[in-house]
Amino acid sequence: MKHLGFREDIDYTPIGCPSMYAKGKILKQRQINISNESKIAFNLSSITPENIMQFAFCQMQNYKNHYLVEQNQDELKLLFYGSKYHPNKNASQLLPRDISHPLLQENRYHIFINIPTWFNFLHTIDLSIGSKLHGNIAAVLSGCPAIFFPLDSRMRELAAYHAFPAIVHDAVRPTSTIKEMVEKINLKSHILQQEQNFQHFLYFLNKNQIDHIYTYNSDRQEAPLDKLMAQKDYFQVESALYCKKDELIRRFEIKNQEQLKTISKLKKKVAKQDAFIRQPIVQYAIEIANTYPHLKRWIEKRAGVKQE
């Protein structure tokens, strides 16, 4: 923003990702000792570059206790219903697309729909690694060591601001290893930066007269919402391959209702379009276009209709 003429702390103030301050000014992290028995959680997506995908799936062969943690709705449908996943055309072929993929067959494919079960899972993980920013931030907040692969300028700026343990995505080779990354990178760099960033975040809130829970105690590590959440029971989404018959029937009923709603919306859309076409002025335009082929082709070209 400086390059555009904006003045820092006058026109704008960088504060990083607010979720990083959920645990206050002090971050705790478990010690890491990578071995073949280590539990590794990968986070990838349909936009993850092929070199990182190849690296990840190659490393899965070396660490038998591996998991893939996803975050998107279409991936949730793959896990919840067993529906086929259709990522963008540039997505790696290594990504699971149906329930025949080994990650689903072996129950190593996870998606979390609430923070408590996500953190409970991450408490058992030795290292989180991948290209999903908030997938790794969740790991950091749960005390799990993490390695970030920033994919774009937004992620790079946040990684730099918070001093996350990060590796530029195009520096990752398919033959790279987790062990060599752990040896080369400072996995605690963000912990040293946290208090300074947290104090700056409070400065931003106070300057803008925004009430917050740290007004009288900046050392607190729990929010009032944490206590409320602790009073509830949360469930983790179980794979359609591993849930009981009654649960599977319930899911199919939910999916059927969703499909009926989709069909209803499509019918309304078609009816609306049909009503438009039946208008006299539109019918007259169609008649003229059919009478004059050159005009018809011009209209179709303007409308983006492919020519035969």
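In which loop is the place of Ala163? Ala163 sits in the loop between helix H6 (153–162) and helix H7 (178–184). Its phi is near 55 degrees, a positive value in a residue other than glycine. Asp9 also has a positive phi, near 65 degrees, and is not a glycine. Most residues other than glycine have a negative phi. Asp9 belongs to the segment before E1.

The model is predicted, so local features are reported only at pLDDT of at least 70 and side-chain atom pairs only at pLDDT 80 or more, while totals for chains, interfaces and linings use all residues. Residues are numbered from 1 along each chain as its sequence is written, and side-chain values use heavy atoms, with hydrogens and water left out.

The chain holds twelve helices and five strands. Both kinds of element are DSSP runs, numbered from the N terminus: helices are H or I runs of at least four residues, and strands are E runs of at least two. The radius of gyration is 25 Å, well over the 19 Å that the globule rule gives for 308 residues, so the chain is more spread out than a compact globule. This radius is taken over C-alpha atoms, and the globule rule is 2.2 Å times the number of residues to the power 0.38. Along the principal axes, the C-alpha atoms fill a box of roughly 75 × 55 × 45 Å. Buried residues account for 38% of the 308 residues. Here, buried means under 20% relative accessible area, exposed means over 50%, and partly exposed lies in between (1.4 Å probe, protein chains only).

Strand E1 spans residues 39–43. Four of its five residues are buried. E1 pairs with strand E2 (residues 65–70) in the parallel sense, over four bridges. Two strands count as paired if DSSP finds at least two bridges between them. Lys39 stands opposite Asn65 in E2. Right-handed means that, with the strands pointing away from the viewer, the path from the first strand over the helix to the second runs clockwise.

E1 also pairs with strand E4 (residues 127–130). This pairing is parallel too, over four bridges. Ile40 has Leu127 as its bridge partner in E4, and Ala41 has Ser128. In a regular strand the side chains alternate between the two faces of the sheet. Both faces of E4 are covered. Leu127 and Ile129 are buried on one side, and Ser128 and Gly130 are buried on the other.

E4 is joined in turn to strand E5 (residues 146–148) by three bridges, and the two strands run parallel. Gly130 has Phe148 as its bridge partner in E5. The chain crosses from E4 through helix H5 (residues 133–141) to E5, and this β-α-β crossover is right-handed.

Salt bridges number eight. Each is a side-chain nitrogen of Lys or Arg within 4 Å of a carboxyl oxygen of Asp or Glu. Asp219 forms one with Lys25, with the closest N and O atoms 2.6 Å apart. Asp219 lies in the loop between helix H8 (189–207) and helix H9 (224–230), and Lys25 in the segment before E1, so the pair ties together parts that are 194 residues apart in sequence. Lys25 is buried, at a relative accessible area of 16%. Asp219 is partly exposed, at 48%.

Glu37 pairs with Lys64, the closest N and O atoms being 3.5 Å apart. Glu37 is partly exposed, with a relative accessible area of 48%.

A further salt bridge links Asp274 and Arg278, with the closest N and O atoms 2.8 Å apart. Asp274 is partly exposed at 34%, whereas Arg278 counts as exposed at 59%. Salt bridges that share partners also join Glu247, Arg250 and Arg251 into one network.
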